[in-house]
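Subject: Structure for you to look at

Hello,

Please find the structure below, followed by what was found in it.

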Amino acid sequence: MNFRCISIMVASLALSASVLAESLAIVVHPANATDLTTEDVSRLYLGRARTFPNGESAVPINLAEGMLARESFDQRALSRSSAQLKAYWSKLVFTGKGTPPQEVDSHEEVLKLVATNPSIIGYVPASAADERVRIAIQLD
Amino acid sequence: MKKTLIATATGLLLLQPVAYANVDVSGYASVIGGRVLSGTGVESEGIPPSFLANYPLVGVYEKDWSFKPDTRFGLQFRANLTDGLSATAQVVARGADDFDARFEWAYLSYDLNDHWTLQAGKKRLPLYYYSDFFDVGYAYLWIRPPADNYTWQIFNYTGVNAMFNYFVGDWDISGNIYTGREDDSQNKLLSEYFPPRQPTREIWKNIVGGVLNLNRDWLDIRLTYMTYINERYRTIDGVVERVTWGDSLTRRGKFAGVSVNMDFGSWIFLSELNRLDLDGGKFDTYMVSAGYRINQFTPYISYADFDSANEKHNTTSLGLRWDFHSNAAFKFQYDDVKDKSEPFWEVAGDSKSITFGVDLVF
């Protein structure tokens with residue numbers, strides 16, 4: 001829900017026509033051995049769960065709106081359009097029931113954050129994941 | 001929805017490094033215009049053809065175009081003080097109040113653990129499904145939640161609220177329990193709209209309520225209950241009089257409701273069924289609505305009904321939501337109101353109206 005200018009909108013319209021073909025890697029800290037299902041990931045990113053299934057606290061990190069992998073994640077993991085997600089979060093934010101995941105602008109930023117904190121969960125295109133992180137689940 | 005400001009002012013004043021609080025600023029706005037196409041008004045009350053689009057705020061459309069009844073702006077400031085503690089304030093300015101900006105929300109929030117959060121302060125009363133986000137037009141389908149349902153004069157309370165969140169056998173179970181009171185020194189709906197149109201102080205005290213939400217995939221069920229004691233004072237010719245009901249100085253209200261919503265593929269189905277019992281008097285409301293998503297367009301239809309011993313009315317609405325921008329939606333709506341109240345109990349008479357505008361969040 002960051003305020004963005006027209007160019008981002010045009011970009012996102014153009015992107016929605018060409019969804020990321022590549023798999024998405026849901027990544028966690030190498031020391032985090034938790035098993036995750038797509039449903040677990042969805043609940044974390046919709047603010048319905050604050051912990052991993054093993055009970056450890058979880059902090060989801062999102063990619064910025066308009067990024068190719070973000071569009072792909074919204075559709076594959078959350079099964080919702082960006083407008084639906086924004087309406088969903090508006091309700092929670094303005095009634096004090098939740099805050100959306102923090103957003104970062106690059107895949108590298110996701111990897112860095114995940115590598116430094118066992119609580120953080122993020123996602124990147126599968127080809128971008130490296131040895132600093134562990135792939136908890138891959139979304140094809 | 002997030003712009004982080006650093007609270008540097010405090011730091012500069014103290015001229016020493018302090019632990020800065022991150023303050024998130026977010027907001028919403030709805031700019032809506034409309035007019036009554038035709039209507040009966042209520043001759044005995046001197047009410048011209050009008051559409052009462054918002055009861056508590058007395059948002060009324062008449063035959064001339066107006067942008068006031070539904071237009072509003074909200075700004076929210078949330079200071080995250082870490083370790084689960086935060087402070088939130090929301091300022092709302094509404095056309096129906098001549099854009100007189102007021103703090104509608106001001107509360108502290110503390111996460112007790114991963115399942116429970118405690119909040120204290122001033123909040124919206126979460127009676128009906130849309131009550132607590134009534135102002136955030138972007139978050140729902142229509143121009144406004146159906147006026148026939150959202151008729152109650154009190155919509156805030158000051159008190160404490162405990163929220164919870166659990167996951168049990170594929171169901172997300174969340175909800176809250178709350179208690180508090182509201183003392184509205186000059187209630188707008190009672191003072192300005194309903195006869196005898198005299199300054200009225202409305203008190204809802206000993207409020208105790210709860211909400212239970214059950215979510216699973218495309219299904220969303222909400223149960224709500226609230227009870228309160230009503231006390232009322234009216235000023236007539238400068239003299240404050242306590243309003244009585246029969247022999248009683250107060251009356252007890254008991255509100256209960258159920259809402260079932262489905263969001264299945266392109267289809268959206270929304271419903272609400274509520275009853276307020278005021279010392280035995282029954283006030284029943286329900287709403288059914290359906291929409292169908294076609295890319296960024298969602299045409300919708302809804303029917304809402306209010307039924308009590310004397311006051312009865314319903315609204316049939318047709319409209320279109322167009323998500324034309326990543327932060328904004330354009331909406332157009334036609335409302336056909338039928339006022340079937342008994343003589344002298346009419347609210348605003350029959351009316352047919354159009355309204356349109358933009359909802360946005362940032």
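Of the 140 residues in chain A, 35% are buried (a residue is buried if 20 or more other C-beta atoms, placed from the backbone, lie within 10 Å of its own, exposed if 12 or fewer, and partly exposed in between). This is a predicted model, in which local features need pLDDT of at least 70 and side-chain atom pairs count only at pLDDT 80 or more, while totals for chains, interfaces and linings use all residues. Residues are numbered from 1 along each chain as its sequence is written, and chains are lettered from A and ligands numbered from 1 in the order in which they are written.

Among the contacts in chain A with a separation of 6 or more, 71% are between residues 24 or more positions apart (two residues are in contact if their C-beta atoms, placed from the backbone, lie within 7 Å).

Chain A has 5 helices and 5 strands, arranged along the sequence as α-β-α-β-α-α-β-α-β-β. Both are DSSP runs numbered from the N terminus: helices are H or I with at least four residues, strands are E with at least two.

The sheet

The 5 strands of chain A form an open sheet with mixed pairing, in the order β3-β2-β4-β1-β5; two strands pair if DSSP finds at least two bridges between them. Because β3 (102-104) and β5 (134-139) of chain A stand at the edges with a single partner strand each, one side of each has no neighbour in the sheet. On average, neighbouring strands of this sheet are turned by 30° against each other, direction ignored (axes are lines fitted to C-alpha atoms, for helices over the stretch in contact, and angles run from 0 to 180 degrees between N-to-C directions).

Strand β2 (residues 59-63) of chain A pairs with β3(A) in the parallel sense over 3 bridges. N62(A) is opposite E103(A), and L63(A) has V104(A) as its bridge partner. β2(A) also pairs with β4(A), in the parallel sense over 2 bridges, with V59(A) opposite I120(A).

The contact with chain B

The contact takes 26 residues from chain A and 27 residues from chain B. On the side of chain A, α1 (6-17) and α4 (82-93) are the elements that give two or more residues, and α4(A) gives the largest share, 8 residues. The chain A side divides into 10 nonpolar, 8 polar and 8 charged residues; Ala, Val, Leu, Ile, Met, Phe, Trp, Tyr, Cys and Pro count as nonpolar, Asp, Glu, Lys and Arg as charged, and the others, Gly among them, as polar.

Regards
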